[in-house]
Structures are given as C-alpha cells and as structure tokens.
Amino acid sequence: MTSLAEIAGDGFTNDYLWDLHEALTDIGNRLTGSDGEHQSAALLRRRFEDAGLRDAQIQEYEAPTWERGSASLRVDGTVSRAFDESHEILGLPGSPPETVEAAVVDVGPGLPESFADHDVAGKIALVSSQNPPDYGRAMNRIEKYCLAEEHDAVGFLYYNDVPGCITPTGAIGFARDGTGTIPAAGITREVSRRILRWLERDSMTATLSVDATVDRGTSKNVEAVVGPDTDREIIVSGHHDAHDIADGARDNAAGTVLAAEVGRLLSNVDDLETSVRIIAFGGEETGLYGSHHWMQTHDPSSVEALVNLDGIGFSRSLRLGGDETIAEAFHSVGDELDVPVESEPGLSPFTDAWPFGREGVPVVVGRSASEGSGQVVRYGHQEWGHTHADTIDKIDQRDMRDLAIQLAAGVRELSSDAYQPEHRTTETVHAELPDALNEYLERSGRFDRYL
C-alpha cells in the first residue's frame, strides 16, 4: 500500500507540476478555438503521457468562437473624453460587433432591484463588478448583462472596482450560442470613477464601440486515465483555456496542472480502488463548452464523482464546494495531514462542474480558501482574475505542491468503498437550488443549455 508519506515525498521532490505550469502559461492566449488553446491541448496530451497516465487522447468538438478586435468609449457631457486603450477598455467575449450612442445610466451593483429602480431602456447601463456585502449571494457578470438586456438597455459597461487600471474581461453570451444582443465592454475603476463624477454634474451620452469576429470553430478536451479499469470512475478536472489578454496562470492553468499532477501522483499508487480520469476541458471561459460536450457524449451514471479544480492556486488551503460525501474524504486526509480543509454546500452554474451536477452527478469544486480562513493570501481572485495581471508570478510553487498532495491523497481516499456519493435526479437538483439562482437560470436560459 502506498503511504501518504510517499505521495508527499514525490509531490515535493518532482518538478513536473511547475514545469507544466510554466509551459502552459508561456503559450499566452488560450481563448476558445484559438491556436493557443489547440497548442495547450497538444502540450497536455504529451505531458499526460510523460507522467505515466494511460490512454491520453484529445477530443475535438465544434464551438462558438469570439476573436477580439478594438473597443472604444467616448463620453460627452460637461466633459468630453475618449477611452480606447486596453488599460482603459476591453470588449467582453460574446459581445456583438456593434456601435451604439446613448445616454449613460449608473446602475450601481446591477442587482435585480437596481435595474428595477433605474430606467435603462434605450440607454447604456454602467454596472459595477461588486455586490453589496450584505446582499447574500454573488451575482455573476453574465446575470447582470442578462438583466440589462431584459430591461432594454442598448449597451453594457462593466467596471472593475479594484484600483490599478486593471481592465476586466469575461464572457457575457453563454445562453445565446456564444453571442449576446447588445455591445458590452469592461472598463477600469479609474475610467468608471471619472464617468460617475461627471454624471453627478449632469447627464451624459456615450458612444460605445466593440469590434469582434464571431464565428464557429473547434475546441478540444484532453483526458487520460490512472488506476484500475472499473465500471465507474472518479473524474479530476480543470480547464486549459484562458482569456486572451493574459496567461491565465490562475484561471485556470493552476487547476489544470493540479489535475495533471494528481494524475501523476496517483499513477504511482498501488491501492486505488476506482479508475480516475484526468480531464482538461476546453472552452470553459466562453460557455462551458468542453464539459457540456463531454456530458453529451458519455453516460453520466459512469461517473462516481467529479472533483473540478477552478479558482485554486493562490493559497495552500483547500475549500470544497458541493457534495458533502466527497468533501468528507478530503476532510479525512486533512485531519491526517493536520491541514485545514473548508467545505460548503451548493452548486454553481459558473464552472465545469455544472453540466455534471445539473444531471445529478456528485460534484465538488476545489478552490483556494481566502480571507476568513486564517491564512494570509498573497494574491486573491478579484484583483487579478480575468485581467492582464493573471500571470504566474501571482502563484507560489509551494502552495501548488501542498494543494497537489492534499488533492491526490483525497482522491485516493475517495476511491475506497467507504465513500458512496449519491446520484440525484435533475428534478431534485433543480428543486434544491436557491430561488434566486433558479431565477437567474431561467433568465439566462442556462439550466437547459447545451451546445
């Protein structure tokens, strides 16, 4: 039987994880369907084979693609000013290529009640990336965009609330085969604060222009297997695509290389009781296309459990969101290693766990714990995710090694007969989702969405 000490020793002395992390981020643009995404798929297949994983293969599938062009904003009121640099404004993936001229309306955090309180019909909605801390749940950028459409806005300006000229990006067109209906752009806090200050003086009109190429292309999943051949399997996954403006070091090269390292570590374990499949999904950032494709082409009942890694790597403490039975296995390992493991219930529609969880497959999303966990976080998500700043210097190699050891040991523990995560029906999953989340899913069309 392979001991925990042997897994830890291998994890701390092998350079596979960090070498792969560097190689993946050095590719640069890995947006859905891009040459970079295809390069990363080929790289991962080779590295899976190098790590001793078997049956390494690439699955190609058709998906909507969006290629960035220029974006600009001109405002006219008491002050006239143009913004057209990438440190000021970026088109949001899924935005149609379009130019609109209209009045600007500040909708604050973009909550449902915010839109109800402001007349945005025929206007450009200016919306913050933040939510009030007492609101009770996070609202994703996509939901805010859907609300702007629902209230007949003609444009959408989404601003980062973190200082430093950090322009946000992120998809807005999940529910429409990759494309929204009104032009959308991300602007920095600094640009937004100028506009808000000018709006206090008087009304303002703006010309918002987004250029992009909207098409269909191909994206790729990469997968391989370790452990015995069994009828049911555990999946450990990440997504290898990333937004085009940065290296995607945290979102989500970190999750992808951790999944690969889990596979490498488990390939040397002689007591796995269940087959473990390592998958690097493509197309996550623009529509969860890779995970949707996998679920369309496989039998959900064959999946014992899914451990999806996303939002991870910026601290060494592990937080698991989702199925409590799966989390128990990682808590057991955490106790043995004397390291904290946090868990919380709930299913999010914003990661590759969603297509699985929606069909009743037991899932958890592995993230790094942040403030409130008692750990100092070097670089958090809000500052750098979906921005030019998502680079590998924000990740600490020691954190990644610690996480990889916890994850590999947890998956080995989960593979034993002591844990039997329970599949549920789609109807049960739907009924257990919070009302507010179901409202969003209905609004965006995402509960029933496939390619």
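Which residue forms a salt bridge with Asp244? Select Arg68: the closest N and O atoms of the pair are 2.8 Å apart. This is a predicted model. Arg68 belongs to strand β1 (residues 54-76), while Asp244 sits in the loop between β9 (233-239) and α7 (249-266). The two residues are 176 residues apart, and their pair links distant parts of the chain. Asp244 has a relative accessible area of 18% and counts as buried because the cut-off is under 20%.

Next, select Glu233 and Arg277. Their side chains meet in a salt bridge, at 2.9 Å from N to O.

Now go to Asp15, in the loop between α1 (4-13) and α2 (16-26). Its side chain meets that of Arg401 in a salt bridge of 3.5 Å, N to O. Arg401 lies in helix α13 (residues 397-414), 386 residues from Asp15, and this pair too links distant parts of the chain. Are the two partners buried or exposed? Asp15 is partly exposed, at 43% relative accessibility, whereas Arg401 is buried, at 18% relative accessible area.

For the last stop, select Asp10, Glu261 and Arg264 together. These residues are linked in a network of salt bridges.

To go on from here, note that a search of the whole structure finds 21 salt bridges.

Key:
Residues are numbered from 1 along each chain as its sequence is written. This is a predicted model: local features need pLDDT of at least 70, side-chain atom pairs count only at pLDDT 80 or more; totals for chains, interfaces and linings use all residues. Side-chain values use heavy atoms; hydrogens and water are left out. A salt bridge is a side-chain nitrogen of Lys or Arg within 4 Å of a carboxyl oxygen of Asp or Glu. Helices (H or I, at least four residues) and strands (E, at least two) are DSSP runs, numbered from the N terminus. Buried means under 20% relative accessible area, exposed over 50%, partly exposed in between (1.4 Å probe, protein chains only).
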